[in-house]
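Please read the following briefing alongside the sequence and the model. It takes up confidence, the sheet and the ligand shell in turn.

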Amino acid sequence: MNPINTDTTAPSTKSIICRGYEPIAGYKLEMLIGRGGFGEVWRSEAPGGLHKAVKFVYGSTHEQRAVRELRSLERIKGVHHPFLLTLERFGVVDDRLVIVTELAGGSLEDVYNRHLERGSCGIPRVSLLSYLHDAADALDYLHTNYQLQHLDIKPGNLLLIGGHAKVGDFGLLKDLHEAECSMVGGLSPVYAPPELFDGRPSLHSDQYSLAVMYQELLTGTRPFGGRTIAQLATQHVHCAPNLAPLPAADRPVLARALEKVRQDAFLTSAGFMIPCQPPGGGLRLRWAGPGGPVRAKPGRVGPGQAGPGQGLGLAGGRAGPLRGMPELEVPRFSKIRWTICPQQI
Ligand SMILES: Nc1ncnc2c1ncn2[C@@H]1O[C@H](COP(=O)(O)OP(=O)(O)OP(=O)(O)O)[C@@H](O)[C@H]1O
Ligand SMILES: [Mg+2]
C-alpha cells in the first residue's frame, strides 16, 4: 500500500470534489457512488486501467473524526483477510482524508433495497446467511487475532465483491486492550449494542450488530423499532427485542445474540450463524461452539474461540448516558456523534 503525501503544513485551498478531479495523480473521479454520515465515495479510474473506490472524509484532518479514522487505518493496514475490504492507499490531500480501496459492486443495503423493490420482505435466507458468514469470518479474525472490534457493522458497510461480502469502513475500529484513547465517532443507533451507548465496547459488540442486521434483512423488521435516537438507545439498553417476525427456530439464537450482557465464551461472531440443513430442507440458525456444531470451511481463515470472561462488561441498566439525547427522528443509517471520555472506557 502506498501512503499518500501527508504534509498538512501547507495552507488549505480545498479542491472541489467532482467528476474529473484527481485527488491523487492517476486516480480520476468518474462517478459519485454515495454519501454517508461522514463522507462520500466515488468510483475512480486508477493507473493501469483499473477502477477503485475513493472515499473523502468530510471536515479537516485535525477534526476528531478524521484523526480517529486515520488511526484506525494505521491499525488495519497490516491486517489482511479475504473478507476485509482491501485498503490500497490513504492519506491527506488538501487537508482532507482520502482513502482508496478496492471497488465493490454494491453493498448489502443495495441488495436489501432491490429485494424490497421487488415486493419481497427481505433477502432470501440462504444468500443472507452466506453474506453474514463472510462478514462474521472477517470480524472473528479481527478480534481473535488483533482484539479489534469494528463497531460500525451495518448493511452499507458490507460490500459485495465476487459474490462475497467484505467488511469495509474502519472509522470506529477499537482496540479492546487500549485503555487510554477516547472513543470518538458516530454510532449507528439502529445497530449499536447496549454497551456502546455506555462507551464500553466488548468482545461481542460486532456480533450484536450482525444479529440486528440479520433480522432486519431477513424479515424487513427490526428487533428494536425505535424511531428516535433516544428511543433506540433506551430499547437497546433496557428493552427486550421483538423477535416475533422471525421463524420460531431463529428466535432463541437471536435472543442470545441480543442479550444486554453477552459473556458466553462461544458467542463469537462466526458462532452466530451456522446454516444447517434441517430434515424438512431449508436453512436455519444454530450456535457454534461448545456443545454446538463444529463449522469447517476448507480454505477459509478459521475463527478462533474467545476465552471466557474476556468482554469488558458493561454497567448494565444505567440510564445516565441516555439523558439529553436528542429526540430527533433517526433516518435508517444516521449516526450519533459524540465523544466518550477516556475514563469511561
Ligand atoms: N469500496 C466501495 N465500493 C463501492 N461502494 C462503496 C465502497 N465504499 C462505500 N461504498 C458505498 O458508498 C456509499 C457511501 O459510503 P459511506 O461509507 O460514505 O457511507 P455509509 O456506509 O452509508 O455510512 P457511514 O458514513 O456510516 O460509513 C454507500 O452506499 C456505500 O455502500
Ligand atoms: Mg460506510
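The protein chain of this predicted model has an average pLDDT of 75, and 67% of the residues score at least 70, where pLDDT is the predictor's confidence in each residue, from 0 to 100. Local features need pLDDT of at least 70 and side-chain atom pairs count only at pLDDT 80 or more, whereas totals for chains, interfaces and linings use all residues. Residues are numbered from 1 along each chain as its sequence is written, while chains are lettered from A and ligands numbered from 1 in the order in which they are written.

**Sheet**
- An open sheet is formed by 5 strands in the order 1-2-3-5-4 with antiparallel pairing; strands are DSSP runs of E with at least two residues, numbered from the N terminus, and two of them pair if DSSP finds at least two bridges between them.
- Strand 1 and strand 4 (87-93) are the edge strands, each pairing on one side only.
- Strand 3 (residues 50-57) and strand 5 (residues 96-102) are joined in the antiparallel sense over 6 bridges, and Phe-56 has Val-98 of strand 5 as its bridge partner.

**Ligand shell**
- Among the 23 residues around ligand 1, those that come nearest are Gly-34, Gly-36, Ala-53, Ser-107 and Gly-156 (a residue is near if its C-beta atom, placed from the backbone, lies within 6 Å).
- Strand 1 (28-35) and strand 2 (39-46) each supply at least two residues of this shell.

Methods
Helices (H or I, at least four residues) and strands (E, at least two) are DSSP runs, numbered from the N terminus.
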